[in-house]
Amino acid sequence: MSGEEPGGVGEEAVPKRGRTGPEGDLLDPSQVHRVRAVLSLGGVPHRDLGAWAAVVASNLAADWHRARGRRDRLRTRLEALAPAGGGAEGGQEARLLSLAVAEGLDALPDAQRQVLILRFYADLSVPRIAEALNIPEGTVKSRLHTAARAMRERLHVDEVV
């Protein structure tokens, strides 16, 4: 592969929208008309693009910090649940598995993560989860199936199981 294609050897794949330069940087002066057109199509009132970009960047930073805090809290809870002194090798394996599961849970959409945690960590039945979340049992089953499949695939890809 050439060095300019995403996903080349030793190169991190960068989505086309994330590239910089006159064609990819939405803050580039040559892109102002495109950004304004997209905003107007979305019903966003005409505004200063610099202020808009600052608000978007602020929201992205807040989202990133919230997700980071959630991961840290989850990691702390899982580390507290890990068996104490279960042998150096066995304890280390349990911690690695716990961290892999925590990262897999964090990667799930909120609705899937919620039903998976209620089912397998809180040990609630499908009918109790449906009642607690005020959703049909079929939706709970579907979310559980999709979430479990995603977790299984992730753990296999990460070579945890």
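This is a short tour of a predicted model, stop by stop.

**Before you start**

Residues are numbered from 1 along each chain as its sequence is written. Because the model is predicted, local features need pLDDT of at least 70 and side-chain atom pairs count only at pLDDT 80 or more, while totals for chains, interfaces and linings use all residues; side-chain values use heavy atoms, with hydrogens and water left out.

**The whole chain**

Show the cartoon. The protein has 6 helices and 0 strands. From the N terminus, the elements run α-α-α-α-α-α. Helices here are DSSP runs (H or I, at least four residues) and strands are E runs of at least two, numbered from the N terminus.

Colour by burial next. Of the 161 residues, 22% count as buried. Buried means under 20% relative accessible area, exposed means over 50%, and partly exposed lies in between (1.4 Å probe, protein chains only). Contact means heavy atoms within 4.5 Å. Among contacts between residues at least 6 apart in sequence, 38% join residues at least 24 apart.

**Stop 1: the cavity**

Select R71, L74, R75, A102, E103 and D106, which line the largest cavity. The structure holds 1 cavity of 30 Å³ or more. About 40 Å³ of space lies in the largest cavity. Helices α2 (49-81) and α3 (88-107) are the elements that give two or more residues to its lining.

A cavity is a set of points on a 1 Å grid over the protein atoms alone, where a 1.4 Å probe fits but cannot get out; lining residues have an atom within 4 Å of a point. Grid points are joined across faces, edges and corners, and the volume is the space filled by probe spheres set on the points.

Now colour the lining by class. It has 2 nonpolar, no polar and 4 charged residues. Ala, Val, Leu, Ile, Met, Phe, Trp, Tyr, Cys and Pro count as nonpolar, Asp, Glu, Lys and Arg as charged, and the others, Gly among them, as polar.

**Stop 2: two residues of the lining**

Pick L74, in helix α2. L74 is buried at 12% relative accessibility. Beyond its neighbours within four places in sequence, L74 is in contact with A102 and L105.

Move to D106, in helix α3. Its relative accessible area is 15%, so D106 is buried. Not counting residues up to four places away in sequence, D106 touches R70, R71 and R113.

**Stop 3: helix α5**

Select residues 126-133. V126, I129 and A130 are buried in this helix. Down the axis of α5 these buried residues fall within an arc of 100 degrees, so they line one face. The arc is that of the directions from the helix axis to the C-beta atoms. Turned away from the buried side are the exposed residues R128, E131 and A132. The cover over the buried residues includes α4 and α6. After α5 comes N134, with a positive phi near 60 degrees.

**Stop 4**

Click Q112, in helix α4 (residues 110-120). Q112 counts as buried at 15% relative accessibility. Leaving out residues up to four places away in sequence, Q112 touches R143, T146 and A147.

End on α6, residues 137-157. V140, L144, A147, M151 and L155 are buried there. They fall within an arc of 75 degrees down the axis, so they line one face of α6. The face turned away from the buried side carries the exposed K141, H145 and V157.

Terms used
Expected span 1.5 Å × (residues − 1). 1 Å grid on protein atoms, 1.4 Å probe; cavity = no way out; pocket = protein on both sides within 12 Å on 5 of 7 lines; lining within 4 Å.
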